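Please open the model in your viewer and keep the sequence beside it. The stops below say what to select next and what is to be found there.

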Amino acid sequence: LNEHIRDVARRVARAGYVALAIDLLSRQGGTSQFPNPTDAGAAYGRTTPEGRLADLRSSVAYLRSLPDVLEDRIGTVGFCAGGGNAWMLAISGEPVVAIVIYYGTPVPSSEFVPDINAKLLCHYAERGRNLSISASGIVPALINTRRTFGFHIWEGVGHAFNNDTGAAFDPNVACQTWGQTLEFFARHLQPEVQG
């Protein structure tokens, strides 16, 4: 896994959750087999949506099998292509409760919105205009089907603003969005307190 993904998993774990980072290149020997980002991107391009969804589903099943995990309180967070995979998990019918998407691509067609049962929190970038515009096209369908969601286009930042290993990193917006992510997870993933 790349350093950004490992760091996200560590941050989720430090917030008190069981965290699992998924290596979607494991069928090709794992990300460590592709130290060059161009080669890693090419390897990812050889994966299929069906294979990635199968890996995501098996990872969710694994989490549900752990004794410290509440099986009805599973959440996920994805960045860029990982955000696209989070969208794919959302429309798959997999019973995940809360999904956070950072500049996720591709965005599903609005015809799939009725299949979404998870609560969504979406973060996109103003300077990633084409992606942000295409992503915002799903908002009317989310409203019309009464899905619980938040959709933010962050002013003045570009794609990958949360990646602290990249040139587009914006520490202020990254801090704000991560705080919102943790608040979202706390609201939807914490066990219900019985009165």
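Rings of Phe, Tyr and Trp (its six-membered ring) are paired if their centres lie within 6.5 Å, and planes under 30 degrees apart count as stacked, over 60 as edge-to-face and the rest as tilted. Before selecting anything, note that this is a predicted model, in which local features need pLDDT of at least 70 and side-chain atom pairs count only at pLDDT 80 or more, while totals for chains, interfaces and linings use all residues. Residues are numbered from 1 along each chain as its sequence is written, and side-chain values use heavy atoms, with hydrogens and water left out.

**Aromatic rings**

Select Phe-79, Tyr-102, Tyr-103 and Phe-161, which form one aromatic cluster. Within this selection, the rings of Phe-79 and Tyr-103 have centres 6.4 Å apart and planes at 55°, so the pair is tilted. The pair links distant parts of the chain, since Phe-79 belongs to strand β1 (residues 75-79) and Tyr-103 to the loop between β2 (98-102) and β3 (119-125), 24 residues apart; helices (H or I, at least four residues) and strands (E, at least two) are DSSP runs, numbered from the N terminus. Phe-79 counts as buried at 10% relative accessibility, and Tyr-103 is buried with a relative accessible area of 2%, where buried means under 20% relative accessible area, exposed over 50%, and partly exposed in between (1.4 Å probe, protein chains only).

Leaving aside neighbours within four places in sequence, Asn-162 is in contact (heavy atoms within 4.5 Å) with residues including Phe-79, Tyr-102, Tyr-103, His-4 and Arg-11.

The structure holds eight aromatic pairs. For another one, select Tyr-17 and Phe-185, whose ring centres are 6.0 Å apart with planes at 70°, so the pair is edge-to-face. Here Tyr-17 sits in the loop between α1 and α2 and Phe-185 in helix α7 (residues 171-189), 168 residues apart, and both Tyr-17 and Phe-185 are buried.

**The nonpolar core**

Which residues have the most contacts inside the largest nonpolar core? Select Trp-87, Ile-99, Ile-101, Ile-116, Leu-120, Tyr-124 and Phe-161, the ones with the most contacts in this core of 47 residues; such a core is a set of buried Ala, Val, Leu, Ile, Met, Phe, Trp, Tyr and Cys residues joined through side-chain atoms within 4.5 Å. Helix α4 (residues 81-91) gives the most to this core, with six residues. Now centre on Ile-99, which, apart from neighbours within four places in sequence, is in contact with Thr-76, Ala-86, Ala-90, Ala-118, Lys-119, Leu-120, Leu-121 and Phe-184.

**Charged pairs**

A search of the whole structure finds seven salt bridges, each being a side-chain nitrogen of Lys or Arg within 4 Å of a carboxyl oxygen of Asp or Glu. Select Arg-27 and Asp-55, whose side chains meet in a salt bridge (2.7 Å, N to O). The pair links distant parts of the chain, with Arg-27 in the loop between α1 and α2 and Asp-55 in helix α3 (residues 49-65), 28 residues apart. Is Arg-27 buried or exposed? At 57% relative accessibility, Arg-27 counts as exposed, whereas Asp-55 is buried, with a relative accessible area of 13%.

Finish with Glu-3 and Arg-10, which form a salt bridge whose closest N and O atoms are 2.6 Å apart. Glu-3 counts as partly exposed at 40% relative accessibility, and Arg-10 is partly exposed too, with a relative accessible area of 37%.
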